[in-house]
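Hi everyone, thanks for coming. Let me put the sequence and the model on the screen before I start talking.

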Amino acid sequence: AILLFILAGGSIGFYSGDPRRILEDDLPYLRPTFWPSVPRLVNELYAQVKAQIDTAEGEWGKLMRKGLQEKLENIKKDGSYLHNIYDPLVFSTIKAQAGGRLRMLMSGAAPTAKDVQELLKVTFCCSYPEAYG
């Protein structure tokens with residue numbers, strides 16, 4: 001699979017091995033457009049993003065939490081994870097932490113909790129299919 005991906009013009013990067021540093025060290029350097037992963041790494045990414053949103057202070061924090069709430073409501077209502085106002089204003093900063101190019105996050109090997117999937121879809125503004133079984 002790796003060889004086929006490279007032959008198709010893709011490039012492949014591997015994380016450093018410390019899941020706690022994936023958002024600050026690995027993703028900004030690798031700048032993935034497609035990130036296949038496993039639940040262990042995805043759950044760590046979720047924890048880091050959630051902590052950023054929960055601890056953001058002042059008006060910026062209020063705006064982040066309001067945007068998150070609205071986008072989560074939209075995803076439950078009609079499945080949309082994009083928003084014309086909050087994405088460029090708020091979530092582009094979170095997406096930039098993952099290199100700014102992420103279009104699909106995918107996990108396999110085991111199921112991922114629905115709240116984890118939804119938060120990562122709306123904060124990184126990308127699709128998130130699962131592949132396991």
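I'll go through the overall fold, then the sheet, then the pocket, and finish with a few loop residues.

A quick word on the ground rules. This is a predicted model, so local features need pLDDT of at least 70 and side-chain atom pairs count only at pLDDT 80 or more, while totals for chains, interfaces and linings use all residues. Residues are numbered from 1 along each chain as its sequence is written, and side-chain values use heavy atoms, with hydrogens and water left out.

Let's start with the whole chain. The secondary structure comes to six helices and three strands; helices here are DSSP runs of H or I with at least four residues, strands are runs of E with at least two, and both are numbered from the N terminus. From the N terminus on, the order is α-α-β-α-α-α-β-α-β. The C-alpha atoms fill a box of roughly 45 × 30 × 25 Å along the principal axes. Of the 133 residues, 38% count as buried. Buried means under 20% relative accessible area, exposed means over 50%, and partly exposed lies in between, with a 1.4 Å probe and protein chains only.

Two strands pair if DSSP finds at least two bridges between them. Four bridges join strand 1 to strand 2, and two link strand 2 (residues 104–108) to strand 3. Have a look at Ser107 in strand 2: Ser37 stands opposite Ser107, and in strand 3 the bridge partner of Ser107 is Glu130.

In a regular strand the side chains alternate between the two faces of the sheet. In strand 1, Trp35 and Ser37 make up the covered face, with Phe34 and Pro36 on the uncovered one.

That brings me to the largest pocket. Which residues lie nearest its centre? They are Ser11, Ile12, Gly13, Phe34 and Pro36, out of 22 lining residues. Helix 1 (2–7), helix 2 (22–30) and strand 1 (34–37) each supply at least two lining residues. The pocket holds about 650 Å³ of space. For the method, a pocket is an open set of points on a 1 Å grid over the protein atoms alone, where a 1.4 Å probe fits, with protein on both sides within 12 Å along at least five of seven lines; lining residues have an atom within 4 Å of a point.

Finally, the loops. Arg31, between helix 2 and strand 1, has a positive phi of about 50° although it is not a glycine, and Arg31 is partly exposed at 38% relative accessible area. Ala109, between strand 2 and helix 6 (114–124), also has a positive phi, about 85°, and Ala109 is exposed at 70%.

Note on methods: Grid points are joined across faces, edges and corners, and a volume is the space filled by probe spheres set on the points.
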